[in-house]
Amino acid sequence: MTKTTTAALYPTAKVAAEVGTYSERNSTALPKHLVDYHDWIVESHPDSDYMVSNLQAQSLVFFARAFGAKRILEIGSYVGYSALVWAHAVGQDGKVTGLEFSAEYAKIANDAFEKNSVKNVEIIVGDALQTLSTLKPEEPYDLIFIDAQKSGYPSYLRDILAGSQPGSTTRLLRPGGIIIADNVLRRALVADGSEDNPNWQLQRHVKHAEDDLTALRKFNSALANDERLEAFLMPVFDGVGFARLLN
Ligand SMILES: C[S@@+](CC[C@H](N)C(=O)[O-])C[C@H]1O[C@@H](n2cnc3c(N)ncnc32)[C@H](O)[C@@H]1O
């Protein structure tokens, strides 16, 4: 039988959930302080679905270490769960910078870093559509994680590429550096935005949903077609875009 490229590996949501739990148990465990913080956010924040799952966090730690990333920039930090995950991945001699719009979220994140004696994360409060292009890191980042508002993804990519010119002494992302972008399939609607897609009903009333889908399609296409990038769109979680900056 010919192999297909379909990502619909599991016949029901229940089976998919079992696979998720099984995969979490059979991947290197996260330290307790991360799992505890994740649990606390789920219990205390109605918008907790903003953050990545523990299983996705396990994948981020694995990829960061496999890529040898020690300096990570995150666009969209919410209350700091994924920033704490990156801090764990890079270790105490690494560095994490987060860009977050909300001062309130940044305060909760900073409290969590302090409580867990994590000293290598800095959150810059402001609109990343403006702050990203003003960053002048002492050393370029090894990895940039994009997880803010979806309509901003094309702009973030433009800023990253423009701020990482070959030969420049002040770059955002180093040559060979990695971009990871979350939610690039947006409940599969980016690939199939038709009303036949059952998720279409869920998104129908979401403000700016169509604009987000348009922006994500533009972003995914730019990632795949920019000659400075090598890309892979991984159809798991909510779609994770990977790219490597070639020069
Ligand atoms: C999906 S959440 C990030 C979740 C986080 N990465 C995690 O997994 O724990 C997106 C965050 O991006 C922030 N955000 C949205 N637009 C932004 C912008 N233009 N500049 C900076 N942050 C922004 C939101 O306030 C929100 O906290």
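**Exercise 1. Describe how helix 3 and helix 4 pack in this predicted model.**

Solution. Two packed helices are described by the angle between their axes and the distance between the axes. Here the axes of helix 3 and helix 4 come within 9 Å and cross at roughly 35°, and the crossing is right-handed. The next step is to list the residues in contact: helix 3 contributes Asn54, Ala57, Leu60, Val61, Ala64 and Arg65, while helix 4 contributes Tyr81, Val85, Trp86, His88 and Ala89. Sorted by class, these comprise eight nonpolar, two polar and one charged residues.

**Exercise 2. Identify which elements supply the largest nonpolar core, and which residues have the most contacts inside it.**

Solution. In soluble globular proteins, nonpolar side chains tend to be buried together. The largest nonpolar core of this model has 38 residues, and those with the most contacts inside it are Tyr81, Trp86, Phe113, Val121, Leu143 and Ile180. At least two core residues come from each of helix 2 (32–44), helix 3 (54–66), helix 4 (81–90) and helix 5 (103–115), and likewise from each of strand 3 (121–125), strand 4 (141–146), strand 5 (173–182) and strand 7 (240–245). Helix 4 gives the most, with eight residues. A second, separate core of 30 residues includes Leu161, Leu189, Leu213 and Leu245.

**Exercise 3. Decide whether helix 7 is largely enclosed or open, using the burial of its residues.**

Solution. The cut-off for burial is a relative accessible area under 20%. By that criterion Tyr153, Pro154, Ser155, Tyr156, Leu157, Asp159, Ile160 and Leu161 of helix 7 are buried. Since eight of the ten residues of helix 7 (residues 153–162) are buried, this helix is largely enclosed by the rest of the structure.

**Exercise 4. For the salt bridges Glu122–Lys95, Asp147–Lys150 and Glu230–Arg244, compare the setting of the partners.**

Solution. The structure holds eight salt bridges, and these three are taken one by one.

- In the pair of Glu122 and Lys95, the closest N and O atoms are 3.5 Å apart. Glu122 lies in strand 3 and Lys95 in strand 2 (residues 95–100), so the bridge ties together parts that are 27 residues apart in sequence. Glu122 is partly exposed at a relative accessible area of 38%, and Lys95 is partly exposed at 28%.
- Asp147 and Lys150 also form a salt bridge, with the closest N and O atoms 3.5 Å apart, and both partners are buried.
- Glu230 and Arg244 meet at 3.1 Å, N to O. Glu230 belongs to strand 6 (residues 229–234) and Arg244 to strand 7, so this pair ties together parts that are 14 residues apart in sequence. Glu230 is partly exposed, with a relative accessible area of 46%, and Arg244 is partly exposed at 35%.

Key. Residues are numbered from 1 along each chain as its sequence is written. This is a predicted model: local features need pLDDT of at least 70, side-chain atom pairs count only at pLDDT 80 or more; totals for chains, interfaces and linings use all residues. Side-chain values use heavy atoms; hydrogens and water are left out. A nonpolar core is a set of buried Ala, Val, Leu, Ile, Met, Phe, Trp, Tyr and Cys residues joined through side-chain atoms within 4.5 Å. Buried means under 20% relative accessible area, exposed over 50%, partly exposed in between (1.4 Å probe, protein chains only). Helices (H or I, at least four residues) and strands (E, at least two) are DSSP runs, numbered from the N terminus. Axes are lines fitted to C-alpha atoms, for helices over the stretch in contact, and angles run from 0 to 180 degrees between N-to-C directions. A crossing is left-handed if the near helix is turned anticlockwise from the far one by less than a right angle, and right-handed if clockwise. Contact means heavy atoms within 4.5 Å. Ala, Val, Leu, Ile, Met, Phe, Trp, Tyr, Cys and Pro count as nonpolar, Asp, Glu, Lys and Arg as charged, and the others, Gly among them, as polar. A salt bridge is a side-chain nitrogen of Lys or Arg within 4 Å of a carboxyl oxygen of Asp or Glu.
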